[in-house]
Amino acid sequence: MKETNSTAPIRDARTLGVPKMMILGLQHMFAMFGATVLVPILVNSYGLPLSIQTTLFFAGVGTLFFHVCTRMKVPAFLGSSFAFLGGFAAVAGLESGVYAGMDPAEKLQYACGGIVVAGLLYVVLALIIKAVGVHKVMHYLPPVVTGPIIILIGLNLAPSAVNNASTCWWLALVAMAIIIAANIWGKGMIKIIPILLGVVGAYLVAVVANLAGVTTAAGAPLIDFSSVRSANLAGLQPFFTDFTGSVAKFDLSSILVMAPIALASMMEHIGDMSAISATVGENFIEDPGLHRTLIGDGVATSLSAVFGGPANTTYGENTGVLVLSRVYDPKVIRLAAVYALILSFSPKFAAVVNSMPAAIVGGVSFILYGMISAIGVRNVVENRVDFTNSRNLIIAAVILVCGLGFTGGLTFTVGGVSITLTSLAIAAIAGIVLNAVLPGNDFQFGQSEGADTAASLGRY
């Protein structure tokens with residue numbers, strides 16, 4: 001069915017005018033900000049001093065580099081990856097050999113060294129794809145595998161949304177209500193920026209409620225402005241201290257901890273590329289090519305880790321914004337990357353955004369994380385995966401159970417070092433192996449059966 005003008009996607013944001021483009025970029029920045037800075041906050045809780053400013057800087061640089069690698073075609077934002085949190089925790093706990101009595105800052109350097117190697121594994125896979133062709137590689141990654149993995153990306157994030165929202169349910173519901181109302185009943189620009197309106201609107205409500213003495217479920221103030229008051233407007237000196245003092249170091253133990261996690265993050269990348277392709281209605285896995293997107297993500301990850309930053313990954317939160325706003329222009333994403341670069345030099349603004357109540361993040365996440373899983377369902381449906389075929393049913397079933405069942409991941413020992421595969425890595429490996437060994441894999445990548453399909457990622 002042909003889209004009406006009111007629902008047609010916008011592929012060139014310049015038609016909206018520069019001011020509206022700037023606002024749309026701000027919306028994408030807000031979508032990625034909470035999760036991106038949450039990674040260094042969590043890593044700091046393990047005792048490793050990962051810098052928020054460095055994290056933001058390389059999120060911006062990594063995103064811009066990714067866009068260059070992908071010929072400016074893919075509307076993806078690269079934020080800090082949660083997949084490597086278990087690896088950071090494992091390196092923080094190493095106390096044998098060279099790690100005995102080691103300063104936490106130096107342990108962070110070794111952890112980052114492992115991430116450098118993990119990023120280079122992306123390049124290895126990209127070279128394989130370039131050598132043998134994306135069609136042969138994607139033969140082992142059909143929609144019956146990538147669809148459930150996309151679903152798991154959203155479902156695995158769901159507990160985080162609930163935990164954040166539970167700190168103040170009414171405030172989370174305010175954020176959700178604003179987003180839903182703006183997206184369904186809004187007109188013009190209001191309909192395009194529902195996430196930004198939800199964040200700003202709920203924050204203003206929280207400020208008023210905070211002045212009235214309303215507290216969270218735990219009895220704490222809704223907003224704590226102490227860090228905002230103490231933060232400097234510009235923080236060049238602290239930034240460059242972090243930037244130059246955390247250059248990666250390499251050791252086999254930390255590499256064995258970090259590098260295998262790339263299995264999960266690469267599958268997440270492929271799932272995200274499938275999700276973005278399905279959302280936008282263009283096959284980015286074929287053009288500009290999966291090898292280009294992998295190189296962009298992998299090199300951005302290694303570059304970040306060389307200077308003490310976390311791994312980068314394509315962000316599902318921003319894919320959710322694409323779904324809601326229906327503005328698919330990559331230039332808007334690049335604006336968000338520029339904002340991230342600017343914010344990396346402003347501790348004051350970072351503190352303001354970081355003061356956002358967790359409940360607001362939870363309310364926004366309810367919508368965005370659910371959208372990610374819904375895109376996975378859409379990917380399966382639009383590619384007509386036949387679940388009356390027991391082969392497909394078994395593959396999807398095993399992927400979902402592995403992804404949801406191994407909540408703590410799977411830990412094993414290699415060379416005296418404990419390595420943890422996340423649930424997403426286990427699910428991806430199980431799906432790929434089953435798809436390869438079970439008879440009846442007749443998937444042909446790029447084969448299309450109808451012009452109405454949003455993404456011609458193959459057919460069963």
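Which residues touch the most other members of the largest nonpolar core? Among its 118 residues, these are F84, F88, L290 and I360. A nonpolar core is here a set of buried Ala, Val, Leu, Ile, Met, Phe, Trp, Tyr and Cys residues joined through side-chain atoms within 4.5 Å. Buried stands for under 20% relative accessible area, exposed for over 50%, and partly exposed for the range in between, with a 1.4 Å probe and protein chains only. The helix that gives the most to this core is helix 1 (residues 18-45), with eleven residues.

The structure is predicted, so local features need pLDDT of at least 70 and side-chain atom pairs count only at pLDDT 80 or more, whereas totals for chains, interfaces and linings use all residues. Residues are numbered from 1 along each chain as its sequence is written, and side-chain values use heavy atoms, with hydrogens and water left out.

Another residue worth a look is V257, which sits in helix 12 (residues 252-258). Helices (H or I, at least four residues) and strands (E, at least two) are DSSP runs, numbered from the N terminus. With 3% relative accessibility, V257 counts as buried. T70 belongs to the loop between helix 2 (52-69) and strand 1 (78-80). Despite this loop position, T70 is buried, at 0% relative accessibility. It touches P288, R292 and T293, again without counting residues up to four places away in sequence.

Aromatic rings come next. Rings of Phe, Tyr and Trp (its six-membered ring) pair if their centres lie within 6.5 Å; planes under 30 degrees apart count as stacked, over 60 as edge-to-face and the rest as tilted. The count comes to five aromatic pairs. In one of them, F57 and F345 have ring centres 6.0 Å apart and planes at 85°, so the pair is edge-to-face. F57 lies in helix 2 and F345 in the loop between helix 16 (330-343) and helix 17 (347-354), so this pair ties together parts 288 residues apart in sequence. F57 is buried at 16% relative accessible area, while F345 is partly exposed at 25%. The rings of W169 and F366 also have centres 6.0 Å apart, and their planes stand at 70°, so this pair is edge-to-face. W169, in helix 7 (residues 169-185), and F366, in helix 18, are 197 residues apart. W169 is partly exposed at 40%, and so is F366 at 32%. Ring pairs also link F57, F58, F307 and F345 into a cluster.

Helix 18 itself (residues 358-382) has 25 residues, and at 1.5 Å a residue it should span 36 Å, which agrees with the 35 Å between its end C-alpha atoms. The expected span is 1.5 Å times one less than the number of residues. Helix 18 bends by about 35° at S365, the bend being the angle between axes fitted to the seven residues ending there and the seven starting there. R384, which follows helix 18, has a positive phi, near 55°.

Finally, the cysteines. With a disulfide taken as a pair of cysteine sulfur atoms within 2.5 Å, the count comes to zero. C69 is buried at 15% relative accessibility, and C402 is buried at 11%.

Note on methods:
Contact = heavy atoms within 4.5 Å.
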